[in-house]
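Here is a short note to read beside the model. The points can be checked one at a time in the viewer.

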Amino acid sequence: MSGTFTPMPGGAPLLRQVAAQASMEARLMLRNGEQLLLAVVIPVIVLIGGVQAAKHEGFDFGLPQKPIDALTPGVLALAVMSTAFTSLAIATGFERRYGVIKRLGASPLPRAGLLVGKIGALFLVELLQVVVISAVAFAMGWNPHGGVVTVLLGLETVLLGTAAFASLGLLVAGTLRAEATLAAANLIYLLLMAGGAVVLPASSYGAGEQVLTFLPSGALGEAMRGALIHGDCYGRDQLVLLAWAVLGTVITARTFKWE
Amino acid sequence: MRYGDKVAVDGLDLRVERGTITAVLGPNGAGKTTTLETCEGYRKPQAGTVRVLGLDPVADHRALLPRIGVMLQGSGAWSGVRAMEMLRHIATLHANPLDVDMLAERVGLGDCGRTPYRRLSGGQQQRLGLAMAVVGRPEVVFVDEPTAGMDPLARRTTWELLTELRDDGVTVVLTTHYMDEAERLADQIHIIDHGRMIASGSPLELTRGGTATIRLVVTKPFPDGAPASLQAALGDGVEVTPINEVSLLVTGPADHTTLATVGRWCEEQGVLPESLNLGQRNLEDVFLELTGRELKP
């Protein structure tokens with residue numbers, strides 16, 4: 001018997017499934033206007049606006065470097081935060097709402113594969129963000145600390161920051177309703193962008209400096225500045241990020257509801 | 001040979017033979033979706049055992065999943081994803097998927113392939129859900145109310161597709177609250193109500209080969225004890241089932257004698273027939289006889 005529908009079941013190789021999931025989720029993230037705004041447009045506006053403000057108003061962002069050199073690492077950190085935290089939380093919240101996660105739960109893609117696919121999607125979007133933001137920054141005369149170590153440190157910081165913020169994004173998405181997730185993820189993003197020492201160095205916030213460097217936003221911003229301005233590994237900030245990632249993962253694993 | 005699943009529904013065993021279409025029929029809230037979701041591994045039964053293809057849907061989830069196809073109610077897609085993009089994605093997760101263009105044509109998705117999911121009509125979303133359930137060439141498909149919200153043409157296309165799946169050796173388990181769907185499509189029907197199974201059999205067995213029926217509706221409520229007195233007047237071989245205070249169902253030979261007896265009885269009781277419908281016993285009547293309620297979607 002060999003009809004059109006004669007059973008021939010089986011899952012695709014896991015790697016292919018994960019790659020398909022990552023590319024699908026990345027495409028959907030970039031197709032969504034608000035998320036694209038969050039991912040690329042806002043960071044670029046912050047970068048250009050900050051440099052212009054520095055030029056005309058004489059801000060120095062509490063750092064001795066040229067404004068573009070002082071700002072770009074923080075803007076890259078902001079981009080990581082927007083994707084790994086806000087975009088991921090909103091996308092996952094609505095996946096739960098629309099039964100996408102439930103439907104995929106009946107496909108050959110295992111839960112762990114779904115999670116790895118999500119992380120893959122984040123890296124794809126972040127790659128695009130880094131390319132666009134770096135291109136704009138270089139066009140504006142950005143001159144980061146050079147060398148392989150700087151690049152590796154920058155990548156490692158992006159990885160750690162993604163882990164910390166993604167675990168927190170999933171924590172929000174896995175416990176709140178979709179609308180509440182949308183509101184909370186955007187609000188937290190705005191608050192951290194303005195007051196979380198991500199774009200501007202913690203030292204420019206005066207008395208709050210010590211507290212801010214314990215936030216994942218502050219730690220990510222400082223670690224990026226350490227890597228790209230000085231070519232230095234800011235161990236304390238990296239540790240703070242790692243701690244948030246572990247804490248976020250442990251709590252999310254206990255509280256996340258797939259449906 | 002032991003094939004297929006064995007599903008416990010409130011203490012009763014329900015067994016599905018491979019290569020057949022089984023309909024789980026019942027009103028809303030009867031436990032149809034729960035029954036399917038237990039087979040799909042979404043729910044762990046509190047008591048009893050479920051086996052699908054010999055596997056435990058919860059414990060052997062990973063081994064079972066590639067072998068089954070699932071269509072959920074509200075088919076579960078991203079709101080911004082295009083119809084064909086979603087179908088292709090599910091296809092990519094499988095080792096030997098069907099040709100997605102052929103499948104889209106078969107379920108009638110041809111002209112809305114580039115439409116985002118949120119803009120598809122309810123019927124189109126159902127068709128996509130059905131395509132997603134079968135694209136991986138599963139051995140068993142579980143389809144939850146596959147034709148809800150479909151127009152008559154799409155329903156017919158869906159029935160043809162499900163029949164062809166069966167003919168190609170796929171086991172189909174569907175839920176429905178449409179009697180005609182179960183009667184036309186299914187090899188075996190299990191009627192469930194309030195989470196327990198109240199009847200099982202082939203459509204022919206359940207309707208007893210289409211025994212004749214008379215549905216009587218009168219203009220004012222029957223006096224007390226009316227069904228019993230009609231049953232006494234009609235004697236053995238004919239069954240009287242009350243529907244409500246103004247209507248009842250008579251099952252048995254609808255010959256002159258029966259009709260005359262019903263007419264005379266109306267006169268004695270002082271009730272006037274508003275309508276008298278002669279028909280063949282169908283699943284609706286079966287459900288009514290079993291529960292005393294009409295099966296409404």
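1. This is a predicted model. Start with the cysteines. As for disulfides, the count over all chains is zero.

2. Next, the contact between the two chains. The size of an interface is often given as the accessible area lost when the parts come together. Here chain A and chain B bury about 3,500 Å² between them. Of that area, 61% lies on carbon and sulfur atoms. Chain A supplies 35 residues to the contact and chain B supplies 42. Which residues of chain A lose the most area to chain B? They are Phe5(A), Met8(A) and Arg103(A), which together account for 24% of what the chain A side buries.

3. Within chain A, look at helix 6 (residues 148–175) and helix 9 (residues 216–230). Their axes are 9 Å apart and the packing angle is about 170°. Angles over 145 degrees count as roughly antiparallel, so that is the label for helix 6 of chain A and helix 9 of chain A.

4. Which residues make this helix contact? From helix 6 of chain A come Thr150(A), Leu153(A), Gly154(A), Thr157(A), Val158(A), Gly161(A), Phe165(A) and Leu168(A). Helix 9 of chain A contributes Pro216(A), Ser217(A), Leu220(A), Ala223(A), Met224(A), Ala227(A) and Leu228(A). By type, the residues of this contact are ten nonpolar, five polar and no charged.

5. Two backbone angles deserve a look. Most residues other than glycine have a negative phi. Ala197(A) has a positive phi, near 60°, and is not a glycine. Ala197(A) sits in the loop between helix 7 (178–195) and helix 8 (209–212) of chain A. Is Ala197(A) buried or exposed? Its relative accessibility is 0%, so Ala197(A) counts as buried.

6. The second case is in chain B. Glu145(B), also not a glycine, has a positive phi of about 45°. Where is Glu145(B) found? It lies in the loop that runs between strand 5 (140–144) and helix 6 (152–167) of chain B. With a relative accessibility of 11%, Glu145(B) falls under the 20% limit and therefore counts as buried.

Terms used
Residues are numbered from 1 along each chain as its sequence is written. Chains are lettered from A and ligands numbered from 1 in the order in which they are written. This is a predicted model: local features need pLDDT of at least 70, side-chain atom pairs count only at pLDDT 80 or more; totals for chains, interfaces and linings use all residues. Side-chain values use heavy atoms; hydrogens and water are left out. Axes are lines fitted to C-alpha atoms, for helices over the stretch in contact, and angles run from 0 to 180 degrees between N-to-C directions. Helices (H or I, at least four residues) and strands (E, at least two) are DSSP runs, numbered from the N terminus. Angles under 35 degrees count as roughly parallel, over 145 as roughly antiparallel, 65 to 115 as roughly perpendicular and the rest as oblique. Contact means heavy atoms within 4.5 Å. Ala, Val, Leu, Ile, Met, Phe, Trp, Tyr, Cys and Pro count as nonpolar, Asp, Glu, Lys and Arg as charged, and the others, Gly among them, as polar. A disulfide is a pair of cysteine sulfur atoms within 2.5 Å. Buried means under 20% relative accessible area, exposed over 50%, partly exposed in between (1.4 Å probe, protein chains only). Buried area is the accessible area (1.4 Å probe) that two parts lose on being put together, summed over both.
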